[in-house]
Amino acid sequence: MAAYPTKRLRRLRYSPLVRDMVCETVLSKNDFIYPLFVVPGKNIKKEVSSMPGNYHMSVDVLVKECKDIQSLGIPAVILFGIPDHKDELGSGAYDPDGIIQQAVRAIKKEVKDLLVMTDVCLCEYTSHGHCGVLNGEEILNDETVELLVKEAVSHAEAGADIIAPSDMMDGRIGAIRKALDAKGFYKIPVLSYAAKYASGYYGPFREAAESTPAFGDRKSHQMDPRNTNEAMREIEDDIEEGADIIMVKPAGPYLDVIYRAKQKFGLPTAAYQVSGEFAMIKAAGRNGWIDEERVMIESLTGIKRAGADMILTYFAKDAARYLDRTKK
Ligand code: PBG
Ligand code: ZN
């Protein structure tokens, strides 16, 4: 084996063309899934203050936004709904005329060639902000799964292309798969939020989705940040129950989990660069403390390098424009 001075690792770094030729990780617009927040009403476009460049949009505005997203070359969006009415059982989540169902129907009708994913959980729809049915302060698993199944089926009936359960109840993937199949939606893939951690990085999202729990936290169903073996068990379970795509969330602080999941299971693997990860980069960039664009690309590249095949990110539009501009 040659050693220095015969061997010089810098030879492959002297020019940009050589650097591009030997680069190991390629970020592509095809990898991006853009999260969107839909609200009732008309002609509404209101910025979420902790997530600059992201908005609450009514369905009419959302449809226009989706056309822009599609023409930027981003292949997919994931929808989150803020209903006009919340109750104990989150009934807005499985209302055939609910906010997500209306949004999906409108996008599928008006926008060609855009994958529409829907997030399946109850926390945006419950008056208490919890992800499921309560008995006192306990979140009941099996009763919640029944409602999640109704929600998933109603999203598919509205025309959703991919169903993404984010609740972390036990057994929900199997139950949703079975119900979708029974209703003839055997072609609709399930993207499971399989290893979703109880994370402080969801703060800005909870403002955006108005889903902060009225008391307590989500630690009885979302995962403990200290665990990775358990994440492998969660993912294995969801795969056995029929998940087509698995997801790790958040992304940046959990790159080891993404890496391990991809190595172990080899399934299409998604990662969610969540609201707090986005907000921190934006805020530091706005303060002039970091170069926002550079850190945006570096953070997304890191997630891809760890093994993610697709990335849910609030930077999708900015990153797509960057990739166009730099012809990457
Ligand atoms: C719903 C849900 C959450 C996120 C996605 N789906 C919030 C939560 O679990 O509290 C967070 C996304 C983000 O922070 O960007 N369960
Ligand atoms: Zn939830």
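Colleague: How many bridges join strand β1 to β4?
Modeller: Six bridges join β1 (residues 32-38) to β4, and the two strands run parallel. Strands pair if DSSP finds at least two bridges between them; helices (H or I, at least four residues) and strands (E, at least two) are DSSP runs, numbered from the N terminus. Before we continue, this is a predicted model: local features need pLDDT of at least 70, side-chain atom pairs count only at pLDDT 80 or more, and totals for chains, interfaces and linings use all residues. Residues are numbered from 1 along each chain as its sequence is written, chains are lettered from A and ligands numbered from 1 in the order in which they are written, and side-chain values use heavy atoms, with hydrogens and water left out.
Colleague: Which residue is the bridge partner of V38 in β4?
Modeller: The partner of V38 is G81. On β5, T118 is the bridge partner of L79, and β4 and β5 pair in the parallel sense over four bridges.
Colleague: Is β4 mostly covered or uncovered?
Modeller: Strand β4 (residues 76-81) is mostly covered, with six of its six residues buried, that is, under 20% relative accessible area, where exposed is over 50% and partly exposed lies in between (1.4 Å probe, protein chains only). A76, I78 and F80 point one way, while V77, L79 and G81 point the other way.
Colleague: Which residues have the most contacts inside the largest nonpolar core?
Modeller: They are L36, F37, L62, L79, I107 and I163, in a core of 112 residues. The largest share of this core, eight residues, comes from α4. Such a core is a set of buried Ala, Val, Leu, Ile, Met, Phe, Trp, Tyr and Cys residues joined through side-chain atoms within 4.5 Å.
Colleague: And what is L62 in contact with?
Modeller: Leaving aside neighbours within four places in sequence, L62 is in contact (heavy atoms within 4.5 Å) with L36, V38, M57, L79, A103 and I107.
Colleague: How many residues does α4 have?
Modeller: Helix α4 (residues 141-158) has 18 residues and reaches 26 Å from its first C-alpha to its last, close to the 26 Å expected; the expected span is 1.5 Å times one less than the number of residues. Its buried residues are covered by elements including α3 (99-110), β5 (115-120) and α5 (172-182). Just after the helix, G159 takes a positive phi of about 115 degrees.
Colleague: Where is S154, and what does it touch?
Modeller: S154 is in helix α4 and is buried, with a relative accessible area of 7%. Not counting residues up to four places away in sequence, S154 touches A93, Y94 and Q101. The C-alpha atoms of S154 and Y94 are separated by 5.9 Å, although these residues are 60 apart along the chain.
Colleague: Changing topic, what are the protein donors of the zinc ion (ligand 2)?
Modeller: They are the SG atoms of C121, C123 and C131, lying 2.3 Å from the ion. Donors are N, O and S atoms within 2.8 Å of the metal (3.2 Å for Na, K and Ca); water is not among the atoms, so sites may look incomplete. Along the chain, the spacing is C-x1-C-x7-C. Both C123 and C131 are buried.
Colleague: Where do the cis peptide bonds lie?
Modeller: One is the bond from Y4 to P5, with omega near 10 degrees. Another joins K249 and P250, where omega is about -10 degrees.
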